[in-house]
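Please open the model in your viewer and keep the sequence panel beside it. Each stop below tells you what to select and what to look for there.

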Amino acid sequence: MRWEAPVLLDGVADTRPRIERTAVTRVHGGLTCYEVRARTALERVGAGWSVSPYRGCAHACRHCAVRRGHRRLGFGCGGDFDSRIVVRTDIARRLRVELASRWDGGPVVVGVGGDCYQEAEGVYRLMPGVVAALGEAGASFTVRTRSTLILRDAGALADAGASVTVAIAFVDERVRRTVEPGAPAAQRRLEVVAELGGRGVACGVAMAPVLPLVTDSPDQLAATVRRVARAGAVGLVPDVLRLPPGAREWYMAWLGEHHPGLVGRYAGLYGAGSVADPGYVRRVVEEVRGLAARYGLSPVWPPPAGPAGPAGAQLALL
Ligand code: SF4
């Protein structure tokens, strides 16, 4: 670990992003971590809530749809998102306050602005506090991840009644190495699914994102669903690649480098928008759902929320 000394800029206009000027900065491996206090812990997402201990993600998925959020912090959506990680060091304390004051009992998703079990979590250990706070509040919550580090907290997740959603979009390791270069191999994520299930944590898979023309052949879809089912997942939900601003530029640069012949076909599929042609999306989703049904995987994941709040907490203890 290396400590950064504060930069003194007497009389010089400081043009760095505000977060860079105010955060404590530490370097872990190749990552720069910006330690900040969380202004809010719970964020509204539709009818539910999300909690993100980290912004930015060292898994560096080229398709990551939340890259744009880094711009609001004054950083870029590409390499900055992958290597400049904002760490909300007091997230558990802030979460407890908000669960008691502004939470309405709605379901909670953990790990939206960046993977909550990415490399930095090995240093900061924020998730045990987050899981405990949600469990004690009786929240219905799911933790999203691509990381094997989640196994560290399997016992706490089981005690808190959490579900886990492991993202496994495809099992082709050649594709994974370039498009999700910082994430563990699909095989290791399948082992996470199996182990969590064996330790009493309900675990499903988000087959997300299916990459059009790259990982969407019938054989590729069938191989992925088959291995997810063999790993013991309870449910599986597919999602087709979305390309909002931020993700679009970064993903298309990858596509141009690794599959230059597909760039024109993507223009036909996405036009100037963020989502693929609806007919294409429907076809892929129906195909995956059909495969999932054949293996007995639930098409609903995470599981529907049970009673939330203190009553739910008591039920979870029974
Ligand atoms: S693991 Fe999730 S949050 Fe992290 S880069 Fe990949 S898609 Fe984005």
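**Before you start**

This is a predicted model, in which local features need a pLDDT of at least 70 and side-chain atom pairs count only at pLDDT 80 or more, while totals for chains, interfaces and linings use all residues. Residues are numbered from 1 along each chain as its sequence is written, and side-chain values use heavy atoms, with hydrogens and water left out.

**Stop 1: colour by confidence**

Colour the chain by pLDDT, which is the predictor's confidence in each residue, from 0 to 100. The protein averages a pLDDT of 92, and 92% of the residues score at least 70. Now select residues 1-11, where pLDDT stays under 50 and where the model has eleven contacts (heavy atoms within 4.5 Å) beyond four places in sequence. Then select residues 310-318, where the pLDDT is also below 50 and where the model has eight contacts beyond near neighbours in sequence. Where pLDDT is low, the predicted coordinates should not be read in detail.

**Stop 2: a hairpin**

Helices (H or I, at least four residues) and strands (E, at least two) are DSSP runs, numbered from the N terminus. Select strand β2, residues 24-28, in which four of the five residues are buried, that is, under 20% relative accessible area, where over 50% would be exposed and anything in between partly exposed (1.4 Å probe, protein chains only). If you click on Val27, you can look across to its bridge partner in β3, which is Thr32. Two residues lie between the strands of this hairpin, and Gly29 takes a positive phi near 55 degrees.

**Stop 3: the cysteines**

How many disulfides does the structure hold? A disulfide is a pair of cysteine sulfur atoms within 2.5 Å, and the structure holds zero of them. Show Cys33, for which the nearest cysteine sulfur, that of Cys57, is 12 Å away; Cys33 is buried, with a relative accessible area of 0%. Show Cys77 next, for which the nearest cysteine sulfur belongs to Cys64 and is 10 Å away; Cys77 is buried as well, with a relative accessible area of 7%.

**Stop 4**

**Stop 5: a helix and parallel strands**

Select helix α6, residues 127-136, in which Met127, Val130, Val131, Ala133, Leu134 and Gly135 are buried. The helix is followed by Gly138, whose phi is positive, near 75 degrees. Go on to strand β9, residues 141-145, where four of the five residues are buried. Strand β8, residues 108-110, pairs with β9 in the parallel sense over three bridges, with Val108 opposite Phe141. Strand β10, residues 163-167, also runs parallel to β9 and is joined to it by four bridges, and here Thr145 stands opposite Val166. For another parallel pair, select strands β11, residues 202-210, and β12, residues 236-240, which are linked by four bridges; Ala206 has Val237 in β12 as its bridge partner.

**Stop 6**

Which residues does Val87 touch, leaving aside its neighbours within four places in sequence? Val87, found in strand β7 (residues 84-88), is in contact with Cys33, Tyr34, Glu35, Val36, Pro53, Tyr54, Tyr124 and Leu126. Val87 is buried, with a relative accessible area of 0%. Finally, select Val284 in helix α13, residues 278-294, which is buried with a relative accessible area of 1%. With neighbours within four places in sequence left aside, Val284 is in contact with Val210 and Val240.

Definitions and conventions
Two strands pair if DSSP finds at least two bridges between them.
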